[in-house]
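Below is what I looked up, in the order I got to it.

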Amino acid sequence: MTTREAAQKRIAERLAGEQRIQAGGRAQELAWLLIASVIVSLGLSLAYLAKSAAFPDLQSKLDGGQIVNVNGLTRPAELLPYLGDIPSGSERLFTANQIVSAIRTRKLPNVGTLAKIRVAEDQIHGKLGFDSLAERMTRAVPRGDNPKSVALLTPLELHNIKPFLTVRSPAQFRNAFLTSAALFFVFFFAVHVFWRYRGFAGDNLILPAVELLCGVGLMLMISLRDPLRDTLMFTEFTQGIVAGCVAMAIFSQLNYEKLMGRYSYVFLLATVLLGLLLASPLGTGPGTSDAKVNLFFFQPVEIMRILIVFFLAGYFAANWDVLRDLRQKKGWLAEHFHLPRLDYAMPVVAGVVVALAIFFVLKDNGPALVIGCLFLILYAIARKRVLGAMLGFAIIALAFYGGHKIRFPKTVADRVDMWESPWRNTVSGGDQVAQSVWALSTGAITGTGIGLGSPSTLPAGHTDLILSAAGEELGFIGLLGIFLLYGMLTWRSLRIALRARGSYSYFLIVGLSLIVSLQLILIAGGLLGLLPLSGVVSPFLSFGRTSMLANFITLAIVLAVSSRGTDPAQVRNFGRPTYLLAGMLALC
């Protein structure tokens, strides 16, 4: 007689054997990683060659004193020849002293940082020859309890002096580039080696696809800025990739069905707490926007999306069959429509309420749309009917329309104004859609070439408009390749969901794949003028360490589920809704 313990042991041994066989298939992943690395290496080389083409001339100017590296200054006198726009000699010397003092405290990341150096009233009071500063000081307004102060350099003075200044030498840029490129490849291959060591049996194509997308993002971060005068965004972008690779290696090793399935409402509580903190005075927006996006040093919305998926996965895994089978029996609507019992329809209500709360409290339509769509699509899959979800979409759309009409939130209303009239509007910075269309048209079919376009002229080209920057330099063909990579990631994720061992894993993976695809659909629609700009990022392409880390964790969870084996029951229960969802996403 076979005991239950012996049977479980044999099952565990069989599963371990299956995983070892699948893990041996990581040779496919290695082959694709090598191909991806060759492509990325070529792109990075082209970007570097394009940005460094003027280095010989710039180096000769640095050696000849025609331009100066501000961070290399040791004496104020070295800066005086470049301050000719300041008429007074004493004021020129004072300005040079202030700049040198500032760089002794902290090296400047870019020349534009000089605009942040301020002069207090007591620093110039009673001093002769400070006519310009004194005159500007009379018009200054005190800021709270702080004394009156003015910028050391006027915008015109900074504009005129900027061509003669750099913040690094060509050699420093080259070293930063080589270091970032090396870290990029080392950590992607380190993840592969770690999985081989652990006998990991996850999907073989996801990591190479992510490397390609991140590689394109790294190329664009190099292209977007002046190599000697601007902040090296590609170094911080690489830091996000490094952190993401580490997170992917760790989070891919967990059994989420076993560890998280019972704690769905804990994730909901954590989401609510993060939302309240973000809505409090601690939350801030980017620049002068009234949207609440930043909390301390990170963007909690990126984490909130994942936490909400954990909650929804637990709820729908426990109730999907009830939502399909039990009907509301009382009322006129119940007589004519197949409605679920009201107590089981609460996810639709909750999804709409959460989306509207994010819209009106955090004043940001991007996260509201992503989270609202996430709730409603998962509900439609669980119900195997779309009527309730369509009603929820209609309510959200009406609320957004009402918010635009009453001009609240202001940032969202401005985005709708830009959408309605991209070529002529009165919104501050309202040329984003027009600039996006111009960039895409400039790239045409084949693009201008990596590093040879003008993506630096795009507003928010490193975040919201990163796809437009890619379209300018890589053309339609390059954009098509990027979207094919995203499509492959979504298809592989949905395929993994259908083969997941339990309903919880199924809903978890579908929800996570929706996070990636919905963000892409919303931002791509905004860049083309088909939808209002939403402020969401393009996964793995846009600048942002929090979003990069969250996206790596998202796919790490997908990979973890893919390594746990298959259950044919999921295909029977959710096959048709999943294939329909895949078709809709592909159509979008």
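Eight of its 11 residues are buried, so H18 is largely enclosed by the rest of the structure. I took buried as under 20% relative accessible area, with a 1.4 Å probe and protein chains only. The buried ones are Thr411, Val412, Ala413, Asp414, Arg415, Val416, Asp417 and Met418.

A note on where this comes from: the model is predicted, with local features needing pLDDT of at least 70 and side-chain atom pairs pLDDT 80 or more, while totals for chains, interfaces and linings use all residues. Numbering runs from 1 along each chain as its sequence is written, and side-chain values use heavy atoms, leaving out hydrogens and water.

Next I checked how H19 (residues 432–443) meets H20 (residues 466–498). Their axes, lines fitted to C-alpha atoms over the stretch in contact, with angles from 0 to 180 degrees between N-to-C directions, come within 7 Å and cross at roughly 35°. From H19, the contact (heavy atoms within 4.5 Å) uses Ser436, Ala439, Leu440, Thr442 and Gly443, and from H20 it uses Leu467, Ser468, Gly471, Glu472, Gly475 and Leu479.

Last, I zoomed out to the whole protein chain. I find 23 helices and six strands in it. Of its 588 residues, 52% are buried. Taking contacts between residues at least 6 apart in sequence, 75% join residues at least 24 apart.

Notes. Helix = DSSP H or I, 4+ residues; strand = E, 2+ residues; numbered from the N terminus. Buried < 20%, exposed > 50% of the residue type's maximum accessible area, 1.4 Å probe, protein only.
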